[in-house]
Amino acid sequence: MINAIFEYRFLQNAMLAGIVASIVCGIIGVIIVEKKLVMMSGGIAHTSYAGVGLGYFLGFEPIIGAFIFSVLAATGIYYLKKKAQARPDVSIGLFWSLGMALGIIFIALTPGYPPDLNSYLFGNILSVTRTDLYMTGGLAAFVVLAVSLFYNHWKAYLFDDEFAGVLGIKTSFLGYLLYILTAMTVVALIKVVGIILVLALLLAPSAISGLFCEKLFSRMICSIIFGIIFCIGGLWFSYAANISSGASIVIISVLCCAAAYAVRNLTVFRRKKEAKNEQLKPERS
Amino acid sequence: MKNEAIQINNLSVCYGQNTALSNICLSVEKGEYLGIIGPNGGGKSTLLKAIIGLVKPSSGSISIYGEPLGKRSVSIGYVPQIASMEKQFPITLWEVVLTGRLSKSIKPFFRFCKSDIEAAKEILDTLGLYNLKDRRISNLSGGEFQKMLIARALVSNPEILLLDEPTASVDASSGKQIFHLLENLNKNITIVMVTHDLFAVSSHVHTLACLNVQLVYHGKPELTDDIVHSLYGCPVDIIAHGVPHRVLRKHK
């Protein structure tokens with residue numbers, strides 16, 4: 001495969017897209033796990049399907065439609081949560097289904113043969129074009145900048161938003177920004193793993209690094225590294241076995257995550273057993 | 001009028017259909033040490049949250065040092081209930097305390113300066129937490145966690161300190177330490193403390209407010225049967241452990 005990477009442009013694009021996606025994914029993945037926004041990101045991802053459909057229907061780039069719809073969904077969910085005091089899980093679920101429904105209707109209204117939507121639903125990293133790469137890169141740059149510029153404020157907000165509010169920090173600004181950043185991350189990941197499979201790539205790296213990283217920053221860095229490993233591993237697997245890239249990236253991520261948890265639980269179990277044995281020893285002698 | 005740190009006028013707070021606070025009028029003088037007691041759901045925490053602006057009043061007004069809530073220039077320290085905190089967050093004690101020194105405006109490239117670090121160091125030294133500074137918060141005991149929250153509130157040099165059940169999940173000796181600390185702080189800071197600890201109320205605070213949606217009592221820290229009855233609906237058993245003050249008057 002190494003020779004092929006130097007030979008084929010599409011493989012270079014795929015590698016780059018995987019790396020860039022892993023960077024945003026590592027940063028935002030850790031945040032959404034800590035802030036319990038997992039379902040929210042799933043909701044945003046599925047709502048973006050409406051944008052993909054609208055793009056095909058009106059004849060513009062579907063990923064731009066996905067971007068618009070996911071940002072609208074993110075701000076909508078945050079607004080409903082704060083102002084209308086709607087239960088977030090309910091509004092997320094409704095946005096989730098509504099987005100898919102709208103997408104289906106837009107696709108049905110599109111004249112001619114229905115377009116192939118698999119690359120949006122399940123991702124196809126091998127079909128990433130230069131334009132896709134610029135778009136993903138732009139989104140990633142924005143996310144990285146927004147998080148790193150205000151890192152100390154983010155940390156305070158993520159740990160305890162009430163206290164940040166007491167200090168006089170504008171928490172609603174950070175709240176909206178966080179939801180929009182999540183939306184941007186989801187869009188950056190669509191080409192790589194697709195709308196439906198987005199969650200695994202967001203969660204698995206941060207779940208694994210959460211097992212041994214004590215600090216927020218190191219957790220983000222570890223997640224990025226794991227993300228890159230999963231993306232490149234999945235890419236290699238899909239190239240070698242000739243199967244869907246999105247699916248193979250997700251399967252590798254989830255398997256690694258399960259293995260990491262298994263190892264952790266085994267060591268904890270062993271330690272408990274040792275502690276128990278040590279307790280028993282003095283009684284016997 | 002000049003001596004009032006917090007002035008609350010006819011404050012009511014509703015959550016949907018439920019009234020959490022109704023028609024509260026309360027003033028807290030500068031340098032006061034006010035204890036607030038009351039049953040669960042009596043609106044104690046809501047009152048604190050209203051004072052710092054986390055909960056919007058349905059009617060009525062609150063002013064801090066004579067300024068309306070939105071424009072307050074006085075810094076308020078807030079110590080939330082431990083139970084409401086996220087303990088698994090990957091952050092160290094030192095990082096948490098430093099967040100108390102964050103700038104109000106969200107500036108890019110904000111870094112803590114020397115004076116921030118000095119202030120945090122000083123507070124941690126007084127509270128005896130400095131040797132724990134690099135510990136992750138999930139590995140702190142209840143007492144250490146509580147003291148960390150107090151340190152975070154104090155590091156911004158507040159003029160008013162609001163505490164929500166600071167001894168709820170703390171053992172007796174840490175509790176004593178915290179009360180001792182608060183007593184010292186009270187020399188310079190106005191303190192408002194919500195508590196279930198009637199012992200604390202009797203022996204530490206200067207004034208007492210009893211809250212059960214309405215303000216049942218406000219005055220000296222001495223409870224009569226009538227007040228306890230209207231607060232909790234039944235006589236409360238309080239054992240006096242040879243304390244200098246008694247919570248309840250002796251039955252005649």
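**Strands and sheet of chain B**

Biologist: Which residues of strand β6 of chain B point the other way from Ile76(B) and Tyr78(B), and are they buried or exposed?
Modeller: Strand β6 of chain B covers residues 76–79; strands (E, at least two residues) and helices (H or I, at least four) are DSSP runs, numbered from the N terminus. A residue is buried if 20 or more other C-beta atoms lie within 10 Å of its own, exposed if 12 or fewer, and partly exposed in between, with C-beta atoms placed from the backbone. In a regular strand, side chains alternate between the two faces of the sheet. Ile76(B) and Tyr78(B) point one way and are buried; also buried, but pointing the other way, are Gly77(B) and Val79(B).

Biologist: What pLDDT must side-chain atom pairs reach to count?
Modeller: Residues are numbered from 1 along each chain as its sequence is written, while chains are lettered from A and ligands numbered from 1 in the order in which they are written. This is a predicted model, in which totals for chains, interfaces and linings use all residues, local features need pLDDT of at least 70, and side-chain atom pairs count only at pLDDT 80 or more.

Biologist: Which residue in β7(B) stands opposite Val79(B)?
Modeller: Strands β6(B) and β7(B) run parallel and are joined by 4 bridges; two strands pair if DSSP finds at least two bridges between them. The residue of β7(B) opposite Val79(B) is Leu163(B).

Biologist: Which are the edge strands of the open sheet in chain B?
Modeller: The sheet has 4 strands in the order β2-β1-β4-β5 (chain B), with antiparallel pairing. Each edge strand pairs on one side only, and these are β2 (18–29) and β5 (67–68) of chain B.

Biologist: How far apart are the end C-alpha atoms of helix α7 of chain A?
Modeller: The expected span of a helix is 1.5 Å times one less than its number of residues. For the 20 residues of α7 (130–149) of chain A this gives 28 Å, which agrees with the distance between its end C-alpha atoms, 28 Å.

Biologist: Which helices do the buried residues of α7(A) pack against?
Modeller: In α7(A), the buried residues are Thr136(A), Leu139(A), Ala140(A) and Val143(A). Seen down the helix axis, they fall within an arc of 100° (taken from the directions from the axis to the C-beta atoms), so they line one face. On the other side, Arg130(A), Thr131(A), Tyr134(A) and Leu145(A) are exposed. The buried residues of α7(A) pack against α2 (9–34) and α10 (171–193) of chain A.

Biologist: How many residues of helix α11 of chain A are buried?
Modeller: The buried residues include Val198(A), Leu203(A), Pro205(A) and Ser209(A). Helix α11 (198–209) of chain A is largely enclosed by the rest of the structure, because its buried residues number 12 of the 12.

**Contacts and domains**

Biologist: Which helix gives the largest share of the side of chain A that touches chain B?
Modeller: Two residues are in contact if their C-beta atoms, placed from the backbone, lie within 7 Å. The contact takes 23 residues from chain A and 21 residues from chain B. On the chain A side, α8 (151–159), α9 (161–166) and α12 (216–241) each supply at least two residues. The largest share, 5 residues, comes from α8(A).

Biologist: How do the residues of that side of chain A divide by type?
Modeller: Ala, Val, Leu, Ile, Met, Phe, Trp, Tyr, Cys and Pro count as nonpolar, Asp, Glu, Lys and Arg as charged, and the others, Gly among them, as polar. The side of chain A that touches chain B divides into 11 nonpolar, 4 polar and 8 charged.

Biologist: How many residues of domain 2 of chain B are in contact with domain 1?
Modeller: Domain bounds come from an automatic or database domain assignment. In chain B, domain 1 is 1–74 + 159–252 and domain 2 is 86–158. Domain 1 puts in 11 residues, and domain 2 puts in 8.

**Phi angles**

Biologist: What phi does Lys36(A) have, and is this residue buried or exposed?
Modeller: Most residues other than glycine have a negative phi. Lys36(A), in the loop between α2 and α3 (38–58) of chain A, is not a glycine, yet has a positive phi of about 55°. With 10 C-beta neighbours inside 10 Å, Lys36(A) counts as exposed.
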